[in-house]
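Me: Can you walk me through this structure? Keep it brisk, please.

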Amino acid sequence: MAAFLGITTDRDVGGNNDSSKLQAELLADLDTYSSELGAAFCEGIRPVFSAAMARHYDSWWNWARQDLVELFFDILCGKVSHSDIRSAPRCLRLANRLSPLLMDSLRYIVHCAQQGSSPSHKLAHKYGSSLIRVAAGMCAGDSAFAPPAYQFTDMLMAPRLRIGSPGGTFGSIEYTEIPRPSEKSIADFVDAVTSTLSATNTVASKPSTDSQRIHAPSDALHTVLGKLGLHRPAVSSDQPQANPSSRLLPPMVHLCSKPADDPTAWRFDPVLSAVYSDTLRDMCTNGLSLVGKRALITGCGSGSIGGEMLKALLEAGASVVVTTSNYSRKVTSRFEQIYQRHGARSSSLVIVPFNQASRQDVASLVDYIYADPGA
């Protein structure tokens, strides 16, 4: 066969076995790495990234129409009542997906609901009219609509930990989440964790040693610290406290900065914390819009914090790239469902296989993200 094709083999040139020798050396190196590091390590750093396997989701407009039909179908069938709080997030997601075509469908549904006289028809007309009022005068085109914004609409939950619960074994640990007893809205929660800190009572011109101090946001914290015999550092340790029994503490959620006199330390910064708390309050009122922004999430498993962040980013209109080491039809279907439910106007989602332990995959992912789309 070699003679017919005119190919010279190693055997024909006098047994030149340089390639065989090189192959043997490479196999020996692989055996050494496998023996020293273990098969699990070698398998763990194996690159899996492939741009050709990327899944793209950006058809928010299609799922918006489906959500609109499903919402009014549930209302007409009696699945949604006046007091059903679950309908609020659905209406908010529809508002984030408004487009001229969706407005035409919405007006048609409201017109049909107006023809009926049943309570469900009246409720459907009420919901539809509310959505129309949100988009009133903003139907000239996509650019005429207000940018989509993420707003927290879930129930506020608090952690509860029980050790040695009744009926359990000695030392058993039970973790549950319960509705927060004192905060009824996300704005109440922000006020609680940031205390009374605001940009109006703490400005950049005032040093951190000013007489106006930030106290602990909750007396319960003082009680716990007292029982444990612990204390947290004061806002500024260089000024004596007027009342030793009163602990001067920063808010529960605050920012720190490195002082000029000690660049190795981090201290509570009231100015930065004031800006941060005011930003949180603005998000509670106006939401958070991320249209035109791009985000990367490298850990987004089911039930993880990354999964909830993905939903928020999509509702805010961001373009998100998500990596997964377990690339399969089941996993991509889960992400597809997330986009169908939470993808707002201008948002997009890309899923790519990725092994964070592989240097090759890290370099390939960076090249993929910053590549010219038109190239």
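Me: Where is Phe-335 found?

Reply: Phe-335 is in helix 12. Helices are DSSP runs of H or I with at least four residues, strands are E runs of at least two, and both are numbered from the N terminus.

Me: What kind of model is this, and how are residues numbered?

Reply: It is a predicted model: local features need pLDDT of at least 70, side-chain atom pairs count only at pLDDT 80 or more, and totals for chains, interfaces and linings use all residues. Residues are numbered from 1 along each chain as its sequence is written, and side-chain values use heavy atoms, with hydrogens and water left out.

Me: Back to Phe-335. Buried or exposed?

Reply: Phe-335 counts as buried, at 1% relative accessibility. Buried means under 20% relative accessible area, exposed over 50%, and partly exposed in between, with a 1.4 Å probe and protein chains only.

Me: Which residues is Phe-335 in contact with, leaving aside neighbours within four places in sequence?

Reply: Cys-300, Leu-310, Val-322, Leu-349 and Ile-351. Contact means heavy atoms within 4.5 Å. Of these, Leu-310 is also listed among the buried residues of helix 11 (residues 305–315).

Me: What sits over the ring of Phe-335?

Reply: The charged end of Arg-334, 4.5 Å from the ring centre. The test is NZ of Lys or CZ of Arg within 6 Å of the ring centre and within 35 degrees of the ring normal.

Me: OK, helix packing. At what angle do helix 4 and helix 12 pack?

Reply: Helix 4 (residues 60–76) and helix 12 (residues 329–342) pack at about 70°, axes 8 Å apart. That makes helix 4 roughly perpendicular to helix 12. Trp-60, Trp-63 and Asp-67 of helix 4 meet Tyr-339, Gln-340 and Arg-341 of helix 12.

Me: How are those angles defined?

Reply: Axes are lines fitted to C-alpha atoms, for helices over the stretch in contact, and angles run from 0 to 180 degrees between N-to-C directions. Under 35 degrees is roughly parallel, over 145 roughly antiparallel, 65 to 115 roughly perpendicular, and the rest oblique.

Me: And at what angle do helix 8 and helix 10 cross?

Reply: Roughly 170°, for helix 8 (residues 186–194) and helix 10 (residues 270–286), whose axes come within 9 Å. So helix 8 is roughly antiparallel to helix 10. The contact includes Val-190 of helix 8 and Leu-280 of helix 10.

Me: New topic. How many aromatic pairs does the structure hold?

Reply: One. The ring centres of Phe-49 and Tyr-368 are 5.7 Å apart and the planes are at 65°, so the pair is edge-to-face. Rings of Phe, Tyr and Trp (its six-membered ring) pair if centres lie within 6.5 Å; planes under 30 degrees apart are stacked, over 60 edge-to-face, the rest tilted.

Me: Which residue has a positive phi although it is not a glycine?

Reply: Ser-346, with a phi of about 80°. Most residues other than glycine have a negative phi. Ser-346 lies in the loop between helix 12 and strand 8 (348–353).

Me: Last one. How many helices and strands does the chain have?

Reply: There are 13 helices and eight strands. Buried residues make up 31% of the 375 residues.
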